[in-house]
Amino acid sequence: MDTPNAPNPEAAAPAGTSADINGRLGSLLGLIAQGDQAAFAEFYSLTSRRVFGMARRVLIDTELSEDTTQEVFLQVWQNAAKFNPAAGSPLAWLMTISHRRAVDKVRSSQSSTDREAKYGASSQEIDHDSVSDEVGSRLEAEAVVRCLETLTDTQQESVRLAYYGGLTYREVAERLNAAVPTIKSRIRDGLIRLKTCLGVS
Amino acid sequence: MNPHENDNRLPGGFTAEIATDLAAGRVVDLAEVYALNAVDDAERAAIESYLASAPAADRDAFSERVRQARETLATSFTAEEEPPPGLLDRIMSSLPAQAAQPSPAAAPLPGTGPQTPPVMPHPVRDNSGMAATDELGAARKRREERRRPQGMRNWLVGVAAAAVIALGGVGVGAYVANQNDPLNQVLQASDVRQATVDVNGGGTATVSVSPSRDAAVVRMNGVPAPPVGKVYQMWLIPKDGSAPVSQGLMDAEALSKPAVVKGIGSAAALGITVEPAGGSAKPTLPTVAAAPLNA
């Protein structure tokens with residue numbers, strides 16, 4: 001169970017898994033890099049729910065989330081040629097861009113007190129992410145739920161506050177009334193444990 | 001190592017400060033916090049600058065851990081929500097030409113690189129907008145904005161605020177190159193006029209306007225590089241009140257070179273904003289400089 005780098009049992013990539021989607025997104029990025037607008041529209045249709053969904057979790061405000069989504073996709077259009085498959089999957093690349101932009105925006109537009117208050121209102125549904133009819137996608141979502149359960153409650157809480165709350169480790173520590181070094185290790189250990197369980201290699 | 005065995009390690013070897021963690025040689029253990037964007041801008045810069053001079057083995061180990069953490073996050077946190085209808089159309093209609101993009105060297109990690117202080121610390125929607133967290137308030141605000149001409153909302157303020165404009169028939173001797181290139185055609189035109197405007201955040205922009213050439217040359221003087229992930233974008237503000245038209249992007253490298261802007265005859269003013277890397281379809285951040293053209 002805890003063997004690091006154990007192969008992912010779901011690695012066969014049935015339709016609807018992220019591996020399956022990543023293959024398509026990678027091809028589309030190649031076309032987008034050449035200015036293919038149809039490929040861009042397909043990329044948007046495959047990923048815009050994720051980008052907007054993340055922005056809404058972090059920013060809450062609909063209009064700021066819409067602005068962020070627009071900026072993210074403009075960045076996809078401009079930077080598709082710089083996508084490097086060796087540095088990560090297309091989805092991780094896109095969500096990295098999206099999270100950074102959402103976090104930058106929330107930190108420059110809201111005080112951390114506001115964010116923590118808003119996060120409280122939005123954090124209830126996090127366990128029910130990713131409802132999908134695709135079999136592969138459902139299996140993957142179940143693996144995520146199972147793997148999240150291997151984290152301690154405090155690890156889960158710290159990672160989620162940082163990710164969807166847009167908080168720094170210091171803000172997480174203040175909010176949870178915990179020592180700053182403790183939060184750093186919870187984030188590190190929680191993400192490493194999640195990675196190992198999911199078989200991310 | 002079995003991750004479970006690490007749980008009892010006293011606070012995982014971390015200290016309260018990123019700087020002390022780095023000094024203690026723990027940069028690789030900061031990969032997850034970094035990938036999660038759970039550091040502030042100064043801490044991110046400190047980590048990146050430490051890595052820049054760290055042994056290659058540390059850099060590689062850090063990048064690998066960041067990559068795995070990002071894959072893990074993208075797999076685990078999958079909130080979805082349908083974006084507003086029409087957003088794709090708005091994005092498609094605003095796609096800039098890809099050739100206009102200045103391409104800084106690809107970095108192994110997005111955001112890796114020297115950190116420069118932000119020129120514009122506050123985006124245009126500040127607390128006044130955020131105070132209305134309720135959906136009704138946001139919807140009302142959107143309606144109000146739609147009533148205005150596209151893209152003009154930030155501009156009107158910026159142009160009006162550009163108060164100190166020095167106009168004069170300054171001679172131009174600094175640029176000596178091919179007389180037939182567009183740059184020199186403007187600068188050596190008999191009717192060239194110059195205006196120098198302050199750039200918010202430091203430095204000035206000198207605009208040399210030649211109505212007979214229907215073009216202007218913009219030169220930035222002592223303007224700091226745009227913040228990481230941002231570029232300067234130049235716009236022409238049409239006289240007829242229609243939306244500003246992008247004239248291209250300037251990254252840190254392009255800042256040192258004069259830029260030629262053509263087709264100024266129909267423009268009332270030229271403006272410069274700070275925009276996300278890749279540029280924007282319409283100005284989204286406050287104006288850092290604006291100059292009337294009077295062409």
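1. What percentage of the 201 residues of chain A count as buried? In this predicted model, the share of chain A that counts as buried comes to 54%. The chain is built from nine helices and zero strands, so that its elements, taken from the N terminus on, read α-α-α-α-α-α-α-α-α. Among the contacts of chain A that join residues at least 6 apart in sequence, 70% link residues at least 24 apart.

2. Helix α7 of chain A, residues 153–165, deserves a separate look. Its buried residues are A:Gln155 together with A:Ser158, A:Val159, A:Arg160, A:Leu161, A:Ala162, A:Tyr163, A:Tyr164 and A:Gly165. After α7(A) comes A:Gly166, which has a positive phi, near 70°.

3. The contact between the two chains draws on 78 residues of chain A and 63 residues of chain B. On the side of chain A that touches chain B, the elements giving two or more residues are α2 (37–59), α3 (62–79), α4 (90–109), α5 (112–122), α6 (135–148), α7, α8 (169–176) and α9 (180–198). Of these, α9(A) gives the most, with 15 residues. By residue class, this side of chain A divides into 33 nonpolar, 24 polar and 21 charged residues.

4. How do α9(A) and helix α4 of chain B, residues 56–76, cross, and within what distance do their axes come? The two axes come within 9 Å and cross at roughly 75°, and because angles of 65 to 115 degrees count as roughly perpendicular, α9(A) is roughly perpendicular to α4(B). From α9(A), the residues making the contact are A:Leu191, A:Leu194, A:Lys195 and A:Leu198, while α4(B) supplies B:Gln68, B:Ala69, B:Thr72, B:Thr75 and B:Ser76. Taken together, the residues of this contact comprise four nonpolar, four polar and one charged.

5. A:Ile60, in the loop between α2 and α3 of chain A, has a positive phi, near 65°. A:Ile60 counts as buried because 21 C-beta neighbours lie inside 10 Å, where 20 or more are required.

6. B:Asp214 is placed in the loop between β3 (204–210) and β4 (215–221) of chain B. Is B:Asp214 buried or partly exposed? With 16 C-beta neighbours inside 10 Å, B:Asp214 counts as partly exposed.

Note on methods. Residues numbered from 1 in each chain as written. Chains lettered and ligands numbered in written order. Predicted model: local features only at pLDDT ≥ 70, side-chain atom pairs only at ≥ 80, totals over all residues. Buried ≥ 20, exposed ≤ 12 C-beta atoms within 10 Å, placed from the backbone. Helix = DSSP H or I, 4+ residues; strand = E, 2+ residues; numbered from the N terminus. Contact = placed C-beta atoms within 7 Å. Nonpolar A, V, L, I, M, F, W, Y, C, P; charged D, E, K, R; others polar. Axes fitted to C-alpha atoms, helices over the stretch in contact; angles between N-to-C directions. Parallel < 35°, antiparallel > 145°, perpendicular 65-115°, else oblique.
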